Amino acid sequence: MTFSDAAGMTVGEGLAGTLSGSLKRRAGHWEIRSNFSLQGGELLTPYGYLDAAAHPVQVEANLNADADFSKLLLLASRVAAKDLLSIALRGEIHPAAAQPLQMLTLEMPPIKVAELYRELLLPVLFGTSWDHLELAGKLGLSLDMAGGEVMGLELSLADLFVDDAKGSKTRRLGLYGMNGRIQWQRGEKPADSRLSWASGHLLEKIDLGAGRVDFQLSDKRFRLIRQAVLPVLDGSLMIDRLDIDQLGEADQKLQFDGIITPISMGTLSEALGWMPLSGKLSGVIPGLSYENGQLQVEGVLLVRMFDGDILISGLKTRGLFGIYPQLSAEIEMHNLDLETLTRTFSFGRITGRLDGYVRGLALEAWQPVAFDARFYTPEGDKTRHRISQKAVDNISNLGGAGLSGSLARSFLGFFEEFGYKRIGIGCRLSRGNCEMVGVGETKQGYYLVEGGGIPRIDIIGYNKSADWDRLLQQLKQITASGAPVIQ
């Protein structure tokens, strides 16, 4: 048999099978026994593809019907596709009712998800964001329906492996060695669920360690029922609260409280493809909200890093797990330790403290497209202010900077470091161009470093406008091999 619907969305080609059955009347009711076997041909629908020659389908239906066929009882019935799945069904059907399916119980013993995905789903997923999955392990399913609505659902996971990395341009999520039991119920006291995993990844290179989540699911609600500790890189995320209401709806509400235990900034910056940073990242995450694909922090996120405080407000992300994520935020920095900040750079040693801000920050695909940033020595800073010869060379090469002071340039090499009064730099990024400023104006430019002590050295910037991509490349050259070559 060959057929197709008008839109060509459901197509059957060369389908061949057999149908047999019996109908008997007993004591005022009917007994119906049927057996359908599909043994050849191909079937394509929007929901999946079937090669019946490779995976013959067997449908066994045993029903009891009352005298006028107004009520059908589905008894011990089964649907199976060879080597792929087997489903047992029981139910009650009222053909003339507004909702014919009155009751259904479905049981699917654990199946091999890789084969099911490859044989049934992949042919209709080509060209979508789900056509690069790597899968392994087993998944079982139980389902209860009443009045046409799902009343209960249970999933069992055994050594499940899920990763979207194979051939994908953007790695989003991978979890390996998943085991657990996930139960969802409607209108009743929810049962406890659990999900554990051995390892995984988030986005491109953020490694996840072994973790476990214990929770409850009911109606459109998710509740974490005990603290979850999720290893991330060389630290962890401790989740004290995770509540979701209207799960899956446009008005979905999420409440979250947690703590980040120290994560190496070197490890994190490498994972995110940033310039190498030193120090540790830790902090308290206040309530989060998520709605219509947008995740935002409610309040101020406090991060303790580089022996100082970083306050992040107005943090919003959209399309976090998509191919073009967007992020916006306001950042204030207080009393950061410059020596810690510059220790792992090839930039050179600078001591002292640093304040600053990044306002109007906008990232697209994790790349900055707009911000107004300033970094400067705080007023009244009493710490020791020293800058190494190497840092002087590097700063003087940024923004077309030059030197002035009590010594000629040729004599500066005799000194390993210098004192300074204040230091600072700013950039307003817009449309790929960086408008640069320093910590004070001069007749022809601006101070990047205002000297202090003997020998005195000032570093003055002359270029008030710079191409952002070129400036970023210069900074990358500095961290890789020292001062960039300016042409």
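Contacts (heavy atoms within 4.5 Å) between residues 24 or more positions apart make up 48% of those with a separation of 6 or more in the protein chain. The structure is a predicted model, in which local features need pLDDT of at least 70 and side-chain atom pairs count only at pLDDT 80 or more, whereas totals for chains, interfaces and linings use all residues. Residues are numbered from 1 along each chain as its sequence is written, and side-chain values use heavy atoms, with hydrogens and water left out.

The protein chain contains 34 strands and 5 helices, taken as DSSP runs (E, at least two residues, for strands; H or I, at least four, for helices). Along the principal axes, the C-alpha atoms fill a box of roughly 115 × 45 × 35 Å.

Of the 487 residues, 40% are buried, that is, under 20% relative accessible area with a 1.4 Å probe, protein chains only.

The pLDDT, the predictor's confidence in each residue from 0 to 100, averages 86 over the protein chain, and 91% of the residues score at least 70. Residues 402-409 have a pLDDT below 50, and this stretch has 24 contacts in the model beyond near neighbours in sequence. For residues 482-487, pLDDT stays under 50, with 17 contacts beyond four places in sequence.

Definitions and conventions. Buried means under 20% relative accessible area, exposed over 50%, partly exposed in between (1.4 Å probe, protein chains only).
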